[in-house]
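Dear colleague,

I am handing over the structure below, together with some notes on what was found in it. Please read the notes with the coordinates open beside you.

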Amino acid sequence: MDQAMHERKRALRRTMRAWLRDLTPEEARTRSERVSAAVLGTGAYREARTVMAFLPIPGEPDLRGVIERAFADGKRVCLPRAEWDAGTMEAILVAGPGYAVRAGRHGVIEPDGDERAAPGSIDLVLVPGLAFDRAGVRLGRGAGFYDRFLGDCTGLRLGTAFGEQVAETVPRQPHDELVHAIATESGVIVCDAARWRT
């Protein structure tokens with residue numbers, strides 16, 4: 001990565017982390033409910049047989065309501081688990097409410113199971129990020145887990161974020177994977193009209 005690109009990404013990460021630190025737990029909860037409603041209102045969710053969600057770390061929308069609804073709707077649900085030493089991520093299938101979790105590296109809560117979903121079998125991937133732009137460019141936290149994972153996915157990719165995390169532009173490198181749409185508390189922003197189903 002050239003130095004200018006590195007500095008732009010680092011500056012945007014600082015800006016977004018500072019904004020997220022100021023978000024109160026109550027505001028985050030209310031906004032997360034609205035992000036979840038936006039996800040559930042999409043045709044992409046309704047048509048999906050297998051949905052990959054995530055368990056939030058501080059600053060990410062809490063989509064556990066989507067997970068519960070997906071179980072109720074009879075969908076297969078999987079959650080990410082990082083393989084830190086390999087630098088990869090796996091989609092672990094969870095059977096239903098009360099699924100087992102464990103604290104992974106850095107205290108990240110992750111599914112505690114052995115059954116994996118092949119990336120190509122996932123119809124809808126809900127993608128966290130520090131920032132997105134309307135072209136579908138995503139700024140992650142810098143480890144590259146989602147970029148590597150999404151490269152093998154054929155399903156739709158829905159970024160999930162609070163409205164202030166949608167930036168005018170996000171710096172992009174060749175390996176940065178795009179999302180097809182972004183769900184915020186204000187609704188869904190379509191980034192790739194050719195692929196997205198509203």
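The buried residues of helix α2 are R31, S32, V35, S36, A38, V39 and L40. Please keep in mind throughout that this is a predicted model. The helix itself runs over residues 25–40, which makes 16 residues, and it spans 22 Å from its first C-alpha to its last, close to the 22 Å expected at 1.5 Å a residue.

The side chains of R31 and E185 are joined by a polar contact of 2.6 Å, and E185 belongs to the loop between β11 (181–184) and β12 (187–190). E185 has a relative accessible area of 11%, and because buried means under 20%, E185 counts as buried. The side chain of E185 also reaches the backbone nitrogen of G163, at 2.9 Å. If neighbours within four places in sequence are left aside, the residues in contact with E185 are R31, R34, V35, A161, F162, G163 and E164; R31 and V35 are also listed among the buried residues of α2.

L23 is buried, at 13% relative accessibility, and, apart from neighbours within four places in sequence, L23 is in contact with A28, R31 and F162. The C-alpha atoms of L23 and G59 are 8.1 Å apart in space, although the two residues are 36 residues apart in sequence.

The next item is the largest pocket, whose volume is about 810 Å³. The elements that each give two or more residues to its lining are α1 (3–21), β2 (76–83), β5 (109–111), β9 (138–139) and α5 (145–150). The lining comprises 39 residues, and those nearest the centre of the pocket are R138, R141, A143, F145 and Y146. Sorted by class, the lining of this pocket holds 19 nonpolar, nine polar and 11 charged residues.

A further side-chain pair is that of Q173 and K9, which are joined by a polar contact of 2.9 Å. Q173 is located in the loop between β10 (156–160) and β11, and with a relative accessible area of 11% Q173 is buried.

What is the C-alpha separation of A135 and D192? The two C-alpha atoms are separated by 7.6 Å, with the residues 57 apart along the chain. A135 sits in the loop between β8 (131–132) and β9, where it is partly exposed, with a relative accessible area of 48%. Leaving out neighbours within four places in sequence, A135 is in contact with L178 and C191.The other site is E68, which lies in helix α4 (residues 64–72).

With kind regards

Technical notes:
Residues numbered from 1 in each chain as written. Predicted model: local features only at pLDDT ≥ 70, side-chain atom pairs only at ≥ 80, totals over all residues. Heavy atoms only, no water. Helix = DSSP H or I, 4+ residues; strand = E, 2+ residues; numbered from the N terminus. Expected span 1.5 Å × (residues − 1). Buried < 20%, exposed > 50% of the residue type's maximum accessible area, 1.4 Å probe, protein only. Polar contact = N/O pair within 3.5 Å; in protein donor to acceptor, adjacent residues only side chain to side chain. Contact = heavy atoms within 4.5 Å. 1 Å grid on protein atoms, 1.4 Å probe; cavity = no way out; pocket = protein on both sides within 12 Å on 5 of 7 lines; lining within 4 Å. Points joined across faces, edges and corners; volume = space filled by probe spheres on them. Nonpolar A, V, L, I, M, F, W, Y, C, P; charged D, E, K, R; others polar.
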